[in-house]
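Here's a quick tour of a ligand site and the fold behind it. Have the viewer open as you read.

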Amino acid sequence: MEAMKNLLERRSIRKYKDTQVPDDLLDQVLEAGLYAPTGMNRQNVIMVAVRDKETRDQLMRMNAAVMGSQNDPFYGAPCVIVVLGDAENYPVVENGSLVLGNLMNAAHAAGLGSCWIHRAWQMFETEEGKALLRQWGLKDTLVGVGNCILGYPDEEPAARPRLDGRIVKIG
Ligand SMILES: Cc1cc2nc3c(=O)[nH]c(=O)nc-3n(C[C@H](O)[C@H](O)[C@H](O)COP(=O)(O)O)c2cc1C
């Protein structure tokens, strides 16, 4: 029941307190990511957890640049987990998405807020993105699946109503 409540009550958070995510909670969230299922158990998803402000701001600018925006697409969240996959080792989007789901649900269970921030694919296609991957000791052919922003929530949004007609039961 606890797990069910967590799944139903997780929301995307777009307002954060300044407080950084502590090591123990970040590690819990990352561990949940490690346990996401992967096709043929390839475990081919990499998570890069960024709390260093300079790097976090660099990622923010790269993400905003994809939209031609000057605003912070990370909504002030102090931590970002970049989820990357190996496109040569299929299925990258499916595996990465399940990791992102685990990260967001684990964050909520740990009392943290989170939100999937898209455009990671475009971020890591650029020369700047590839240089960052190399700096992190990773292959620069990895592709971005999504960014999971993390922090202490400073809002409590309600779930929007579920659309009808999305469940079909046969028998
Ligand atoms: C694939 C995907 C991409 C998303 N990209 C963004 C994004 O770039 N920025 C953002 O604010 N929210 C983003 N979201 C969050 C959705 O807007 C959010 O999940 C949706 O509005 C439902 O709200 P909930 O997560 O609170 O249930 C993304 C979610 C998914 C699954």
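## Around the ligand

Within 4 Å of the ligand, counting heavy atoms, sit Arg-10, Arg-11, Ser-12, Arg-14, Tyr-75, Cys-115, Trp-116, Ile-117, His-118, Arg-119 and Arg-160. This is a predicted model: local features need pLDDT of at least 70, side-chain atom pairs count only at pLDDT 80 or more, and totals for chains, interfaces and linings use all residues. Numbering starts from 1 along each chain as its sequence is written, and side-chain values use heavy atoms, with hydrogens and water left out.

On its own the ligand exposes 620 Å², and the protein buries 64% of that (Shrake-Rupley areas, 1.4 Å probe).

## The sheet

Now for the fold. Four strands (DSSP runs of E, at least two residues) form an open antiparallel sheet in the order E1-E2-E4-E3, where pairing takes at least two DSSP bridges. At the edges are E1 (45-50) and E3 (113-117), each pairing on one side only. Neighbouring strands are turned by 20 degrees on average, direction ignored (axes are lines fitted to C-alpha atoms).

E2 (residues 79-85) and E4 (residues 143-151) run antiparallel and share seven bridges. Cys-79 stands opposite Leu-150 in E4.

Methods
Axes are lines fitted to C-alpha atoms, for helices over the stretch in contact, and angles run from 0 to 180 degrees between N-to-C directions.
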